[in-house]
Amino acid sequence: MLQNGDVFPSLIFARAGGGEIHLPGDLAGGFGVILFHRGSWCPYCNAQLAAFARAADKFAGEGIKVVSVSVDDREKSEPLVQKHKLGFPVAYGANARAVSAATGAFVNDDPVCLQATGFVLNPEGRIVTAVYSTRAIGRLLPDDVLGFVRYLKSSAKN
């Protein structure tokens, strides 16, 4: 598992809507949130992603970027983006075992997917908190992330 202070490993994924997502590079320069979601079929993941979409203005106001990653294919990922009006990049086609080896995320065997995992990165791409779940529940929530980043910003000024 990745620890606080570790640099998030370099990973590249296909992006719903086209292009690629480069982590942690695409989040550089500001705080970033990386969400591994189980898939479009998971009601808990849908709720989490929708909550982050609703908080988009607050995240933009704090300069926090969000990205989500799953093993889903493009045909499942793009409707998910549309359904929840996800304004942040959503990666698809992740190799669950390779991502697990790089990050320590837990893998579900049937269906094969990444378990809910979340990282908050500082502007240098270092982990300031990580949330690993072994099942569907236990994940980052928008209000918690906003409060934590605000705390980090204010304590850095002092």
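In the predicted model, Asn46, Leu49, Ala50 and Ala53 of helix H1 contact Leu80, Lys83 and His84 of helix H3. Contact here means heavy atoms within 4.5 Å. By class, this contact holds four nonpolar, two polar and one charged residues. Ala, Val, Leu, Ile, Met, Phe, Trp, Tyr, Cys and Pro count as nonpolar, Asp, Glu, Lys and Arg as charged, and the others, Gly among them, as polar.

Two packed helices are described by the angle between their axes and the distance between the axes. H1 spans residues 43-54 and H3 residues 74-84. Their axes lie 10 Å apart, at an angle of about 50 degrees. H1 is therefore oblique to H3. Angles under 35 degrees count as roughly parallel, over 145 as roughly antiparallel, 65 to 115 as roughly perpendicular and the rest as oblique. The crossing of H1 and H3 is right-handed (the near helix is turned clockwise from the far one by less than a right angle).

The protein has five helices and nine strands. These are DSSP runs (helices H or I, at least four residues; strands E, at least two). Along the sequence, the pattern is β-β-β-α-α-β-α-β-α-β-β-β-β-α. Of the 158 residues, 48% are buried (under 20% relative accessible area, 1.4 Å probe, protein chains only). The C-alpha trace spans about 50 × 30 × 30 Å along its principal axes.

Residues are numbered from 1 along each chain as its sequence is written. In this predicted model, local features need pLDDT of at least 70, side-chain atom pairs count only at pLDDT 80 or more, and totals for chains, interfaces and linings use all residues, while side-chain values use heavy atoms, without hydrogens and water.

Notes: Axes are lines fitted to C-alpha atoms, for helices over the stretch in contact, and angles run from 0 to 180 degrees between N-to-C directions. Buried means under 20% relative accessible area, exposed over 50%, partly exposed in between (1.4 Å probe, protein chains only).
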